[in-house]
Amino acid sequence: MNRAILLILTSTILFPIYGFAEAKPDQINAPFIQNQKLRRTINLGNALEAPSEGDWGLVLKSEYFSIIKKAGFTAVRVPIRWSSHAREDKPYSIDQSFLQRVSWVVDQSIENDLSVVLNMHHYIELCSSPLAHKERFISLWRQIASYFKDAPDSVLFELLNEPNGELKANLWNQLLDECTSVIRKSNPDRTLIIGPSNWNHISTDLDKLTLPDANVILTVHYYEPFHFTHQGAEWVDNSENWLGKEWTGTVDQVSRIESDFVAASEWAKKNGVPVFLGEFGAYSKADKQSRIKWTNSVRHHAEKYNFSWAYWEFGAGFGVYDREKNEWREPLLKALLPSHPSN
Ligand code: BGC
């Protein structure tokens with residue numbers, strides 16, 4: 001559907017039907033407008049979500065932001081392990097120096113006219129013991145939200161990457177409600193990004209997700225077939241057994257992507273939210289041609305259903321940028337941005 005028509009529909013039809021009582025029509029349009037700015041995003045993975053930046057070999061540099069902008073991306077998603085940079089006990093204060101580092105990332109993004117998604121990544125303890133960590137999680141967001149309350153609307157907050165483990169749908173929905181109402185006190189108009197339990201998987205728990213208010217974008221991740229995208233991934237048990245698995249774009253392979261995306265798109269329409277495919281990528285140990293074909297096909301399907309997307313990731317194990325040679329891996333970049341003039 002044409003985006004302009006979609007916007008009119010969301011403000012005139014969905015507002016009364018899906019009735020977030022206090023939402024004004026402009027708050028309903030906001031996430032669609034914000035999502036448009038995320039239409040070609042890249043994840044700055046393996047930097048700020050490592051226990052300390054640099055532990056996983058990647059330190060963010062100023063030049064990356066202009067390189068990303070020049071290639072044709074519109075936004076960056078920044079995975080951040082806030083939980084390693086805050087006190088374990090009350091009041092769970094976040095290190096000021098870490099907040100300043102994230103603030104530098106935000107400034108670099110703004111200077112380069114890139115939207116920026118600040119997420120909470122790898123809060124492993126929250127997923128294994130949600131009740132014990134709930135108060136700390138909400139407190140972290142209270143602090144982040146307050147620190148960035150005056151940031152422009154090109155800064156978006158994503159509440160939690162890939163909720164999993166004991167953080168199951170019901171609990172996650174409750175946490176989303178509580179956390180959103182805390183964020184709303186300092187950021188009444190900021191667009192938030194949220195995804196379903198069970199690792200933000202595109203289908204398994206989507207039906208169980210409830211939206212905390214109207215100014216949100218739905219995020220889902222796509223790594224299917226997992227044995228193809230994660231072959232040889234050191235952090236996935238037995239994945240060395242999957243090495244050599246190819247993806248050639250057969251009718252069956254493509255129709256799997258198609259049906260997964262149609263279902264998510266239908267859910268989003270029914271619930272009046274735009275969709276952000278916040279992660280997708282195939283690890284560098286997979287066959288190169290297969291990676292290019294798969295990346296191109298997933299990106300194509302995202303665009304077909306009006307999902308914005310974020311490739312996982314910039315310059316590490318899935319990387320589209322070769323940091324040693326200081327150059328893009330052109331075929332992979334072209335799979336992501338086929339029509340950009342510089343590619
Ligand atoms: C995880 C990364 C991982 C990627 C692909 C991300 O959400 O945080 O550690 O490399 O998914 O598995």
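Reply:
**The ligand and its pocket**

A pocket is an open set of points, on a 1 Å grid over the protein atoms alone, where a 1.4 Å probe fits, with protein on both sides within 12 Å along at least five of seven lines. This is a predicted model, in which local features need pLDDT of at least 70, side-chain atom pairs count only at pLDDT 80 or more, and totals for chains, interfaces and linings use all residues. Residues are numbered from 1 along each chain as its sequence is written, and side-chain values use heavy atoms, without hydrogens and water.

Around the ligand stand H121, H122, N161, E162, Y223, H230, W235, E279, W312 and F318, each with a heavy atom within 4 Å of it. This shell has four nonpolar, four polar and two charged residues; Asp, Glu, Lys and Arg count as charged, Ala, Val, Leu, Ile, Met, Phe, Trp, Tyr, Cys and Pro as nonpolar, and the others, Gly among them, as polar.

An N or O atom in the side chain of H121 is 2.6 Å from a ligand oxygen. For a polar side-chain atom of H230, the distance to an oxygen of the ligand is 2.6 Å.

The pocket is lined by 32 residues, with H122, E162, W199, H230 and W235 nearest its centre; lining residues have an atom within 4 Å of a point.

Conventions
A polar contact is a pair of N or O atoms within 3.5 Å; within protein, one must be able to donate a hydrogen and the other to accept it, and residues adjacent in sequence count only if both atoms are side-chain atoms.
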